[in-house]
Amino acid sequence: MFFVVGLGSMGRRRVRCLLANGVPPEEILGFDRRPDRCAEAKERHGISVADQAEQMGRAEVEAVFVSVWPSFHVEYCLMAAMAGKHWFCEVPLELSSSGLDQLRRVTRDRKLVGAVGSQMIWHPASEYLARWLSEDVTGGLVGAWGTCTSYFPTWHPWEDYREFYVSDKASGGANIDMIGHEFQWLVWLLDSPVAAVNARASRRSDQELKPGSYDSYEIIAEFASGLQISMHFDGVNRGLERGVWLAGNAGTVHWDLRGPKASRFDRERNAWVAEGPEQFEYEQAYVREVGHFIECIRGRAEWPIAFERAINVVKLIAAVEQSVSRFGGRVFVE
């Protein structure tokens, strides 16, 4: 049985992913502090609901999905690990390093699978980007840049953006979880942790964000490999942009949200060449991600994100905030 903590938009997505991977609804138990979300999940998906999160400790529960606000991730992951359950957590693993050492120790000592998500790993474009980088088609990476924008008020059209975490940096919103998502993927793709950052943030839109929250970030991240990447994040652009460019001495590789294909610049043709499927629904990346987690807890696969790399992203987020407070000063990720 699988236990899903949080039945908001992401928790319901995890329920859908379990169903898509052949898990019957009677093998899924959900929990949310809001009765309306419990009732909706029960009616829409036919799953059972629990009245307490502690019911994840039931003997028949094998693994727990933690799909709550980022500021509560470690609390529930640790609850699952202490109960002897495998756990899956949304990105980022946490907003500070508090509790991470204990979570790592309990997960390791009880021989549990602890998985921090990153659905882009299971996007077909990642397969091509990773292969091209391993084959060094770029001739050695020299520079990189990317963007990730998503208008905050439209994240959940069915509820006021001011009433959930997206408007509050302290809860993991206001670009923070977006930063976590992109860098968790980039750390995996480039196979290198982030060593230092320079960051600036601003708040110039008319959105009603919580005090101390920003609508835009500019981040220069230095990887341990020596590569630097310049990333732009904002919750202002209504056009929804997401993409990354990795440039080298011999060529550039690229992916953006406008299609499922990845692209590489072929210097012999002096043109971009796109490779990948003609169609791919992004939701399938989540389905594949959950399917791989199931394979891991069955002992047939390994999770691609090492715990240390997930912690690196948590520390990166803290370093970004330190750099912002120092007006863009360089901060080491330690």
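1. In helix α5, which spans residues 124-134, the buried residues are P124, A125, S126, L129, W132 and L133, where buried means under 20% relative accessible area with a 1.4 Å probe and protein chains only. Helices here are DSSP runs of H or I with at least four residues, strands are runs of E with at least two, and both are numbered from the N terminus. After α5 comes D136, whose phi is positive, near 55°.

2. On the basis of these remarks: this is a predicted model, in which local features need pLDDT of at least 70 and side-chain atom pairs count only at pLDDT 80 or more, while totals for chains, interfaces and linings use all residues. Residues are numbered from 1 along each chain as its sequence is written, and side-chain values use heavy atoms, with hydrogens and water left out.

3. Helix α1 (residues 9-20) packs with helix α2 (residues 35-45) at an angle of about 25°, and their axes are 11 Å apart; the axes are lines fitted to C-alpha atoms over the stretch in contact, and angles run from 0 to 180 degrees between N-to-C directions. That angle makes α1 roughly parallel to α2, a term used for angles under 35 degrees.

4. Where the two helices meet, R12, V15, R16 and L19 of α1 are in contact with E40, R44 and H45 of α2, contact being heavy atoms within 4.5 Å. The residues of this contact divide into two nonpolar, one polar and four charged, with Asp, Glu, Lys and Arg counted as charged, Ala, Val, Leu, Ile, Met, Phe, Trp, Tyr, Cys and Pro as nonpolar, and the others, Gly among them, as polar.

5. The structure holds zero disulfides, a disulfide being a pair of cysteine sulfur atoms within 2.5 Å. For C38 the nearest cysteine sulfur, that of C77, is 19 Å away, whereas for C77 the nearest, that of C89, is 3.7 Å away. C38 counts as buried at 10% relative accessibility, and C77 is likewise buried, with a relative accessible area of 0%.

6. Most residues other than glycine have a negative phi, and most peptide bonds are trans. A174 is found in the loop between β7 (141-149) and α6 (176-189), and N175 lies in the loop between β7 and α6. A174 is buried at 0% relative accessibility, and N175 is buried with a relative accessible area of 0%.

7. The peptide bond from V91 to P92 is cis, with omega near -5°, and P92 is found in the loop between β5 (86-89) and α4 (100-109).

Note on methods
Buried < 20%, exposed > 50% of the residue type's maximum accessible area, 1.4 Å probe, protein only. Parallel < 35°, antiparallel > 145°, perpendicular 65-115°, else oblique.
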